Amino acid sequence: MILSVRDLKAGYGKKIILESISFDVQPEEIRVILGGSGSGKSTLLNNILGLERARAGEIKFLGVKLRAGIDPVPNSVRVKTGVLFQGGALLSSYTVSQNIALPLSIHRPELPAPVVQEMVAEALNKVNMLHAFHKLPSELSGGMKKRAALARAIILEPQILFCDEPSAGLDPITARSLDDLLLELRETLHLSVIIVTHELESIKAIGDKILFLSSGKVLLDDTLENALHSAVPEISDFFKRIAPKENDEKNNVNFNFR
Ligand SMILES: Nc1ncnc2c1ncn2[C@@H]1O[C@H](COP(=O)(O)OP(=O)(O)O)[C@@H](O)[C@H]1O
Ligand SMILES: [Mg+2]
C-alpha cells in the first residue's frame, strides 16, 4: 500500500469539513477525488500532506505510520512525494531550469552542479520541455507552465504524486496531453497519483479508482467503471453535470480558430 488514510477528520476553526475519511491507494493506482465544489477535496490533500493540521485520524504514507495532525510528515516521505497544485506556481524570477532544480537544492544539496543540470534536463525531457531550459516562466504558455511544474514535481522521482485540478485553465488539447503525460509517468516511474479533477474526459482517460466526497464523508470508494454506473443519485447527477454539452466540441473548435 502506498497510502492508507483512516478516519481522517479535518476542518477550519470550529468548522468540520471532513468527518471521517478512509481510503487506500495501491502502487501505480490513479485515484481521482471527486465531489461538489467546497466538498473538501483540497482540504483532504492538504491534510494528508501535512500542509494543514488534521483533527484526528491515521495515515500510513509510503510505509510510515503517522498520527494525522500530530506527527509531521518525515523527510524520507517528502522526498518521495510530488505535488502539482493549481496555485503551485513557478517562481517568476527564476528560469525554468532553476525552478526545477529547487527540490534538489532542498533535498539533495550535496549534488554537484553538473549533475543537477543533467537531472533537470532529464526531467524537462520527460515533459517535452527541454527547449525551455533557459526560459523564464513569463515566456511560457499556460500548458508549458504546467509541464514545467510537473517536471519540478517529478525531479526527485517520487512514488506518489498529488495533483489538485492540474488542468484548470488549460485548453482541452493541452489538458489531454497532461493526461497522457501522467499515464506515461505512471509507467516509467511506477507512480501512484492522487488527483482532483472534474473533467469527465480526464477522469475516464486516467482514473482507476474514484473517491467521491459528500457532506464530509466518503460517498463512494470504487472503480471508475462502478462509479460511472452508480445508481446513487448524487453521483449519477454529478457525472451528468460534468458531461460535455452537445455543442461543446463545436464551440471548442470555433474557439481555437478565433
Ligand atoms: N483556509 C480556509 N479557512 C477556512 N475555510 C476554508 C479554508 N479553505 C477551505 N475552506 C472551506 O472548507 C470547505 C472545503 O473547501 P475545499 O477543500 O477547498 O473544497 P474543494 O476543494 O472540494 O472545492 C469550503 O467550505 C471552504 O470554504
Ligand atoms: Mg479545491
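Which residue in β8 is the bridge partner of R31? Please keep that in mind for point 2.

1. Ground rules. This is a predicted model, in which local features need pLDDT of at least 70, side-chain atom pairs count only at pLDDT 80 or more, and totals for chains, interfaces and linings use all residues. Residues are numbered from 1 along each chain as its sequence is written, while chains are lettered from A and ligands numbered from 1 in the order in which they are written.

2. The strand pair in the question. The partner of R31 is I194. Strand β3 (residues 30-34) runs parallel to strand β8 (residues 192-196), with 4 bridges between them. Strands here are DSSP runs of E with at least two residues, helices are runs of H or I with at least four, and both are numbered from the N terminus. Two strands pair if DSSP finds at least two bridges between them.

3. The sheet. β3 and β8 belong to an open sheet of 6 strands with mixed pairing, in the order β6-β7-β8-β3-β9-β10. Since β6 (81-85) and β10 (217-223) each have a single partner strand, they are the edges, so one side of each lacks a neighbour in the sheet. From one strand to the next, the twist averages 15 degrees.

4. Helices across the sheet. Helix α5 (residues 142-154) lies across β6 and β7 (160-164), at about 160 degrees to β6. Helix α9 (residues 233-242) lies across β3, β9 (209-214) and β10, and makes an angle of about 70 degrees with β10. These angles run from 0 to 180 degrees between N-to-C directions, with axes fitted to C-alpha atoms, for helices over the stretch in contact.

5. The hairpin. Strands β1 (residues 3-12) and β2 (residues 15-25) are antiparallel and joined by 7 bridges. L8 faces I21 of β2. The hairpin has 2 residues between its strands, and G13 in the turn has a positive phi of about 55 degrees.

6. Two backbone spots to look at. Most residues other than glycine have a negative phi. L62, in the loop between β4 (56-61) and β5 (64-67), has a positive phi of about 50 degrees. H190, in the loop between α6 (172-189) and β8, also has a positive phi, near 55 degrees. L62 counts as partly exposed because it has 19 C-beta neighbours inside 10 Å, and H190 counts as exposed because it has 12. The cut-offs are 20 or more other C-beta atoms within 10 Å for buried, 12 or fewer for exposed, and partly exposed in between, with C-beta atoms placed from the backbone.

7. The ligand. Around ligand 1 are Y12, I17, G35, S37, G38, S39, G40, K41, S42 and T43; a residue is listed if its C-beta atom, placed from the backbone, lies within 6 Å. Helix α1 (residues 41-48) gives the most to this shell, 3 residues.

8. The domains. By an automatic or database assignment, the chain splits into domain 1 (1-79 + 160-258) and domain 2 (81-157). Their centres, taken over C-alpha atoms, are 23 Å apart. In contact are 19 residues of domain 1 and 16 residues of domain 2, where contact means C-beta atoms, placed from the backbone, within 7 Å. On the domain 1 side, α2 (75-78), β7 and α6 are the elements that give two or more residues.

Definitions and conventions
Contact = placed C-beta atoms within 7 Å.
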